[in-house]
Amino acid sequence: MRRAIVTGATGAVGTALVQELIDNNIEVLVFCREGSARNKQIPTHPLVTLKYCSLNQLSELKNETGKQYDVFYHFAWDGTTGTARNDMLLQNQNVRYALDAVEVAARFGCHKFIGAGSQAEYGRVEGVLKPDTPAFPEMGYGIAKLCAGQMTRERAHQLGMAHNWVRILSVYGPNDGAQSMVMSTINKLKKNEVPQFTKGEQMWDYLYSDDAGRAFRLVGEKGIDGKIYVLGSGKARPLAEYIEDIRSIVCPEGCIELGAIPYAPKQVMFLQADIGELTRDTGFLPQIDFPIGIESIMEWSV
């Protein structure tokens with residue numbers, strides 16, 4: 001891979017992927033929304049070029065770069081938090097945008113399209129998540145991700161491109177959303193506030209963003225056409241233990257309240273990735289333990 005295109009490059013995974021591509025001397029073209037304050041989070045480097053293009057402008061985008069690209073990474077997605085996750089019309093539009101991204105990938109000469117899926121595609125599963133685990137999503141976001149994965153694969157193949165869909169579990173790291181469990185807990189403890197949680201009995205699988213970025217780069221280089229990969233650390237432990245890790249690093253004397261919040265309806269209680277196929281095909285293995293990742297976030301946020 002010599003050149004790649006990335007949409008949605010302002011989040012934890014997107015910024016980590018751009019940095020991973022830079023570190024491997026790969027030229028990156030980033031499609032981003034003009035005027036977004038989050039654009040400052042995209043790594044600045046001679047290998048990185050920004051092209052202003054919102055999701056609703058993808059269908060009209062032409063290749064005026066004079067270059068051919070190799071791999072297209074599609075992370076951009078509207079309505080990823082709050083009530084928007086179950087806004088059916090909005091989520092349905094995301095499927096169309098994903099198909100527009102496939103068309104753009106073809107116009108820019110890409111030979112592979114890689115989309116970012118989600119554990120939400122599975123719904124509630126009491127077991128390790130594998131690529132072939134039956135998917136029964138229970139909200140618009142998961143339904144749309146599942147549909148986008150299937151439809152972009154078919155369209156990519158029609159256009160002569162290889163395709164991979166990577167279902168991301170819980171990634172944390174610099175540039176993560178302020179509303180995520182990890183970032184909101186860090187921010188509240190730093191302000192001497194008392195973060196509140198459920199009992200924290202959920203078995204959870206967290207992966208640091210640098211590891212996620214490396215995984216996506218490896219899928220771009222070695223992923224087998226047509227395959228779905230599940231991305232996580234491959235290990236799960238109670239959410240309460242992750243919370244205690246954060247407290248011990250950020251503010252050891254701080255207070256937390258486990259059990260102060262009831263479980264949400266349809267609460268997912270077990271989340272763990274089977275990364276065996278991803279490892280076999282690409283060689284990916286996580287390298288950064290959770291406490292080390294939290295310490296890295298603290299250094300980044302200073």
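The expected span of a helix is 1.5 Å times one less than its number of residues. Helices (H or I, at least four residues) and strands (E, at least two) are DSSP runs numbered from the N terminus. The model is a predicted one, in which local features need pLDDT of at least 70, side-chain atom pairs count only at pLDDT 80 or more, and totals for chains, interfaces and linings use all residues. Residues are numbered from 1 along each chain as its sequence is written, and side-chain values use heavy atoms, with hydrogens and water left out.

**Helix lengths**

- α2 has 20 residues and reaches 29 Å from its first C-alpha to its last, close to the expected 28 Å.
- α3 is followed by G160, whose phi is positive, near 85°.

**Packing of α2 and α3**

- Helix α2 (residues 88-107) and helix α3 (residues 140-158) pack at an angle of about 20°, with their axes 9 Å apart. Axes are lines fitted to C-alpha atoms, for helices over the stretch in contact, and angles run from 0 to 180 degrees between N-to-C directions.
- α2 and α3 are therefore roughly parallel to each other. Angles under 35 degrees count as roughly parallel, over 145 as roughly antiparallel, 65 to 115 as roughly perpendicular and the rest as oblique.
- The crossing of α2 past α3 is right-handed. A crossing is right-handed if the near helix is turned clockwise from the far one by less than a right angle, and left-handed if anticlockwise.
- On the α2 side, the contact (heavy atoms within 4.5 Å) is made by M88, Q91, V95, A98, L99, V102 and E103. On the α3 side, it is made by G140, Y141, A144, C147, A148, M151, T152, R155 and A156.
- The residues of this contact of α2 with α3 divide into 11 nonpolar, three polar and two charged. Ala, Val, Leu, Ile, Met, Phe, Trp, Tyr, Cys and Pro count as nonpolar, Asp, Glu, Lys and Arg as charged, and the others, Gly among them, as polar.

**Buried residues of α2 and α3**

- Buried means under 20% relative accessible area, exposed over 50%, and partly exposed in between (1.4 Å probe, protein chains only).
- In α2, the buried residues are Q91, N94, V95, Y97, A98, L99, D100, A101, V102, V104 and A105. They pack against β2 (27-32), β4 (71-74), β5 (112-118) and α3.
- In α3, the buried residues are G140, Y141, G142, A144, K145, L146, A148, G149, T152 and A156. They pack against α2, β5 and β6 (162-168).

**Packing of α1 and α5**

- The axes of helix α1 (residues 12-23) and helix α5 (residues 209-222) come within 8 Å and cross at roughly 60°. α1 and α5 are therefore oblique to each other, and their crossing is right-handed.
- α1 contributes A12, V13, A16, L17, E20 and L21 to the contact, and α5 contributes S209, D210, A212, G213, R214, F216 and R217.
- By class, the contact of α1 with α5 has seven nonpolar, two polar and four charged residues.

**Loop residues**

- N175 is found in the loop between β7 (170-172) and α4 (181-190). N175 has a positive phi of about 75° although it is not a glycine, and its relative accessibility of 11% makes it buried.
- Leaving aside residues up to four places away in sequence, N175 touches T10, G11, A12, T15, R38, Q41 and W300.
- N192 is found in the loop between α4 and β8 (203-204). Phi of N192 is also a positive value in a residue other than glycine, near 60°, and N192 counts as exposed at 65% relative accessibility.
- T83, in the loop between β4 and α2, is exposed, with a relative accessible area of 76%. T83 and G140 are 57 residues apart in sequence and 10.0 Å apart in space, C-alpha to C-alpha.
- F284 lies in the loop between α7 (276-282) and α8 (290-301) and counts as buried at 0% relative accessibility.
- Leaving aside residues up to four places away in sequence, F284 touches L207, D211, R214, A215, L218, L231, G232, L278 and T279. The C-alpha atoms of F284 and D211, 73 residues apart along the chain, are separated by 8.6 Å.
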